[in-house]
Amino acid sequence: MSFRRPSILPGFGLTLGYTLVYLTAIVLLPVALLILRSSSLGLDGLWAIATEPRVLAALRISFGMSLAAAGINVVFGAIIAWVLARYEFPGRRLLDAVVDLPFALPTAVAGIALASLYAPSGWIGGPLSTLGWRIAYTPLGIGVALIFIGLPFIVRTVQPVIEELDADVEEASATLGATRAQTLLRVILPSLVPALLTGFALAFARGVGEYGSVIFLAGNLPYVSEIAPLLIVVKLEQFDYASATAIATLMLIVSFFILLVINLIQSWSRRRFGYV
Amino acid sequence: MSETSIEWVPEAGFVVPQKQRVRRIRTAVTTEGPVLRASLIGIAITFLALFLLLPLIVVFYEAFNHGLGAYFSALTEPDTRAAIGLTLLVSAFVVPLNVVFGLAAAWAIAKFQFPGKSFLITLIDLPFSVSPVVAGLIYVLMFGSNGLLGEWLQAHDIKVIFAVPGVVLATIFVTFPFVAREIIPLMETQGTVEEEAALTLGASGFSTFLRITLPNIKWALLYGVLLCNARAMGEFGAVSVVSGHIRGLTDTMPLHIEILYNEYNITAAFSVASVLALLALVTLVAKTVLEGVWGEELAGGSRRH
Amino acid sequence: MQIRVVDIVKQFDPRAKGPVLDQINLNVVGGELLALLGPSGSGKTTLLRIIAGLDQPTGGKVFFGEEDASGLRVQERRVGFVFQNYALFKHLTLEENIAFGLTVRDRATRPPKAEIRRRALELLDLVQLSGLGKRYPAQLSGGQRQRVALARALAVEPRVLLLDEPFGALDAKVRRDLRLWLRELHDRTGHTTLFVTHDQDEALELADRVAVLSQGRIEQIGSPDEIYDHPATAFVHGFIGESSALRVNAREGRLFIGDRPLSIPLREERPGWGRLFIRPQDVVIGEKGLSETGRPPIEAEVLSLWRSGPTRRAELALAGEAGRIEIDAPVATPLTPGEKVPLHFKRGTFYLETPAA
């Protein structure tokens, strides 16, 4: 196989060359350096840092809360995607635009806004605190911020799949005697599973790395409500580069792993169903 | 059973033709009963209002809570003005650089076949899956005083970390894929036929790009630029690690928001935040309008930010 | 089981000019294979969907045997419906696809698991896909998917079988094979079957009877022979097979092209203008100077000639306003464009348009 298919279009060498140089300078070299630095710690060193109680707690909180938030988002994201794709009602277009807000709103802005809403004196935190519930400055606050950040990943992954569903498949189900509920559960939901899993993984990956929106709402108490990215910042401020590097590497490995899982889901889905 | 309808929706004061996607007429067989439908719509509206809409509203509420005077004096305070200036400066560097990269990458990837193409796309997507804090950290490891180039930089008296260049670099990393992501899928679906036709008609390579390719992708490119810009101006985590939070010097708007908020200067914090929120709103409105005009092609690339 | 469609009217959009279906009456005899044939937009698919219960008619009734099915929901009608693009469940195996209709029944009427599996395997055999039960639809060819769709529809022991453009998405070769196979399957299982098609060859070759639809009305119902040889309306004649339509005048009990009378007999005596449909093989080029009526023959100018399989076709222009005609012109007959030749019409069908007052 030749390196490229013969084409009369010019500029292949120039554009690919520039792409590779820029990519290498901005992304690949710095990331490689991070991996190099952490490999100098050795597996033992990495393990020692990862199992420090404070690091372990931070990782557990980051992963646990991201999982929980992504789980909640799968349920509500699927409903929102369904409503936006299937129903006509006043305000649908506005709602559809609002879904992208977490993509566009800077995380720091989201962070202080959520903190102000869920603080004991806030619009939502106030009524909840009279019931004895506290969200801001507890691990629950992390969950709230991650729900905000992760929702569009689910909706925007599932919505196009719902829009592409063929009406005749649902009709076929009905002619075979299935009730609407059976059609929803046994025909439609299974065909959304690959998209739901992909959306879940994307939201989870984003949640694990999220920083800006969480720190204003979390309380940031070590061992209780301190997330892994914040711990990297803390370690950096203490000039503990080794620990910062180790935690970052662990998070990077997890990110790669999630990317791999997403690709596996998609190729599995393409093989089996003929679509993603 | 399908219909194509064109409806006219007034948008921001002027009238834009909205090409609606082909929607099936759904019969009673393929939809839910009114009760289930109403409750699903209710759940969706409540969830979106509670988690997305309310935070947006509270930003503007808190910003104007103490009147217009407090709002504008917060925005004209010298450190705030410096932060706004730095944010504009950073995005003035970052956006053009990423546009040039996006165009080059899209041209190579969409118009040519070569082995390793999908791996290259994965690498371009990489910054999406890296925590912003980690993005900042890798530049500290590269350029910080203990970093790889730290001694050399110090010897030549160049400051990258805790200075503007570091902020720019970290922002480039975080916004790296946006433009490329928007235009690669579109250019791939458009193929190479039009460019080849232009070349056979005697156009040069560069004028083919300017007069054929660019007009074909202009809306997607614009959308990519808007997203890239919104993220560049709003980036917090990565910038926070490399900037050093030097007031009036390396504080961008998001960092300044944090400082003001931590000083309990809530109104000022939300005033600055409201400017960024407005930028987000403009981006969203532009997206809705562009999608209305340009339709499906935009949707493909914009799922993963 | 017999299907009776009585006075079905369907109007999608009240502002539109005409209804999609306009007073349709149709009787499908038990065990019959009937084709609904028509151009796109003729309402044939809508009629099929109304019979299935997928669409609600604006008026009229549907009977299955003696039972009025109009009030039954689609789930209760027990029809086997095969969709144009098969509509298989992509996430289920073939076996699960076929068994779906049985597994969604409520506990009281649902057969035991082993029985469901036995039925699914039996149907896989019937559609000649034995051994592929664990495959997914994405792993099948178009023709195989079509057969799975049919097996799935048969699994619920439908009272009638409804097929919407069953061969529409297949290529020509597979289409022919499946057509023969479907005919055999029908003869073996004996389901009352109604299928929609826009392909006249398919309808004429496969069906016991054909109903030709146009603009929401049934133009003619009859056996393939009746439809082809005795088209009831000008539309049917124009739609089925090849023919040219000439503008002719009926008077004094005869047909005239200009002032030349034709020897084609008239079915009724009413005078007026109308269209005469003539198939290419029903015209011969006569010898010059002769005419069966003793008058000068009808002449036409050769416009163009082209090869068509074993024979040759010619397009000719008749004198006056009669129009153009396409005829079989044997290769042996010497013809050149521009030449004027006498035509003799062996057969044709006349449809009166505007009876003279």
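Visitor: Which residues gather in a patch of positive charge on the surface?

Guide: Bear in mind that this is a predicted model. The patch of positive charge is formed by Arg186(A), Arg107(C), Arg110(C) and Lys113(C).

Visitor: Where does Arg107(C) lie, and is Arg107(C) buried or exposed?

Guide: Exposed means over 50% relative accessible area. Arg107(C) has 73%, so it is exposed. In chain C, Arg107(C) sits in the loop between helix H3 (94-103) and helix H4 (113-126).

Visitor: Which residues make the nonpolar surface patch?

Guide: Tyr18(A), Leu89(B), Phe93(B), Leu97(B) and Val100(B) make a nonpolar surface patch of about 420 Å². Helix H3 of chain B, residues 78-111, gives the largest share of that patch, with four residues.

Visitor: Why can residues of a helix that are some places apart point the same way?

Guide: An α-helix has 3.6 residues a turn, so residues three or four places apart point the same way. In the case here, helix H3 of chain B holds Val100(B). The relative accessible area of Val100(B) is 45%, so Val100(B) is partly exposed.

Visitor: How many helices and strands does chain B have, and what percentage of its residues count as buried?

Guide: Chain B has 14 helices and four strands. Buried means under 20% relative accessible area, and 54% of the 305 residues of chain B count as buried. As for contacts in chain B with a separation of 6 or more, 69% are between residues 24 or more positions apart.

Visitor: Why is helix H12 of chain B said to be largely enclosed by the rest of the structure?

Guide: Count its buried residues. Helix H12 of chain B covers residues 253-262, and nine of its ten residues are buried, so the helix is largely enclosed by the rest of the structure. Among the buried residues of H12(B) are Met253(B), His256(B), Glu258(B) and Tyr261(B).

Visitor: How many helices and strands does chain A have, and how many positive and negative side chains?

Guide: Chain A has 13 helices and zero strands. The C-alpha trace of chain A spans about 70 × 65 × 35 Å along its principal axes. Of the 276 residues in chain A, 62% are buried. There are 17 positive and 15 negative side chains in chain A, and the centres of the two sets lie 4 Å apart. Chain A exposes about 10,600 Å², with 71% of that supplied by carbon and sulfur atoms.

How values were computed:
Residues numbered from 1 in each chain as written. Chains lettered and ligands numbered in written order. Predicted model: local features only at pLDDT ≥ 70, side-chain atom pairs only at ≥ 80, totals over all residues. Heavy atoms only, no water. Patch = residues over 30% accessible without salt bridge, like charges linked within 9 Å, V, L, I, M, F, W, Y side chains within 5 Å. Areas by Shrake-Rupley, 256 points an atom, 1.4 Å probe, with all protein chains shown as cover. Salt bridge = Lys/Arg side-chain N within 4 Å of Asp/Glu carboxyl O. Lys, Arg positive; Asp, Glu negative; His and termini not counted. Charge placed at Lys NZ, Arg CZ, Asp CG, Glu CD. Helix = DSSP H or I, 4+ residues; strand = E, 2+ residues; numbered from the N terminus. Buried < 20%, exposed > 50% of the residue type's maximum accessible area, 1.4 Å probe, protein only. Contact = heavy atoms within 4.5 Å.
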